[in-house]
Amino acid sequence: MRKEKQKSIEVSVESASQEDMPTVIHLYNSKKHTADTCGVGPANTYIAETVNGTIAGALSVFTRGGVPIIKNLAVDSEFEGMGVGRQLFEHVIDELKKQGYHYIIVAHKNMNQGFYSKFGFKELNPSEMVLAV
Ligand SMILES: CC(C)(COP(=O)(O)OP(=O)(O)OC[C@H]1O[C@@H](n2cnc3c(N)ncnc32)[C@H](O)[C@@H]1OP(=O)(O)O)[C@@H](O)C(=O)NCCC(=O)NCCS
């Protein structure tokens, strides 16, 4: 269930390091929609860090047929509703646009489609949405 809107916090979005991965995997495993951590690693994972260095959110990017697929977008329950998901998601979409991709897919496992719609994603199939950039 979505939490009520709270005070927004600033996070910095960075590529994950090897040391970040246990926390990231723990975060993914704490969420119903992100339990599939196969293929997740520092090379395809971005983290959102608070000023104190706490990992508040993360996502991983895969590719299929040359199209990037964002999987496992997860915000730590403690930080939900504070703009962390938006900052992380916007940063990665911008990054993928800069890399020259024309389409971005997000896998949602039937959760949070309302969040992805806010960014212009449209239904592609029952478990994925797509954005033309
Ligand atoms: C969905 C999720 C990634 C969003 O991240 P977040 O940091 O909480 O979202 P933000 O605060 O950045 O919200 C950005 C905008 O999206 C909206 N939003 C957030 N979650 C939404 C949802 N599920 N559906 C529709 N809109 C949503 C917010 O209201 C906000 O709108 P605004 O900019 O118009 O005010 C995050 O809440 C999450 O990880 N949810 C998982 C929930 C879950 O797994 N539950 C099961 C636990 S077992």
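This is a predicted model: local features need pLDDT of at least 70, side-chain atom pairs count only at pLDDT 80 or more; totals for chains, interfaces and linings use all residues.
1. The core has 32 residues, and Tyr46, Ala48, Ala58, Val84, Leu88 and Val106 touch the most other members. Helices H1 (21-29) and H2 each give two or more residues to this core, as do strands S2 (45-49), S3 (55-64), S4, S5 (103-107) and S7 (128-132). H2 supplies the largest share, five residues.

2. Take Ala48 from that core. Leaving out residues up to four places away in sequence, Ala48 touches Val11, Val13, Ala56, Gly57, Ala58, Val84, Gln87 and Leu88. Among these partners, Ala58, Val84 and Leu88 are also listed with Ala48 as touching the most other core members.

3. Now the ligand. There are 19 residues around the ligand. Lys31, Glu80, Gly85, Arg86 and Gly114 come nearest. Strand S4 (67-75), helix H2 (84-98) and helix H3 (113-117) each give two or more residues to this shell.

4. What is the make-up of the ligand shell by class? The shell has seven charged residues, six polar and six nonpolar.

5. Gln113 deserves a separate check. Gln113 sits in helix H3.

6. Next, the contacts of Gln113. Not counting residues up to four places away in sequence, Gln113 touches His108 and Met129. Glu128 is 15 residues from Gln113 along the chain, with 9.0 Å between their C-alpha atoms.

Notes:
Residues are numbered from 1 along each chain as its sequence is written. A residue is near a molecule or strand if its C-beta atom, placed from the backbone, lies within 6 Å of it. Helices (H or I, at least four residues) and strands (E, at least two) are DSSP runs, numbered from the N terminus. Ala, Val, Leu, Ile, Met, Phe, Trp, Tyr, Cys and Pro count as nonpolar, Asp, Glu, Lys and Arg as charged, and the others, Gly among them, as polar. Two residues are in contact if their C-beta atoms, placed from the backbone, lie within 7 Å. A nonpolar core is a set of buried Ala, Val, Leu, Ile, Met, Phe, Trp, Tyr and Cys residues joined through C-beta atoms within 7 Å. A residue is buried if 20 or more other C-beta atoms lie within 10 Å of its own, exposed if 12 or fewer, and partly exposed in between; C-beta atoms are placed from the backbone.
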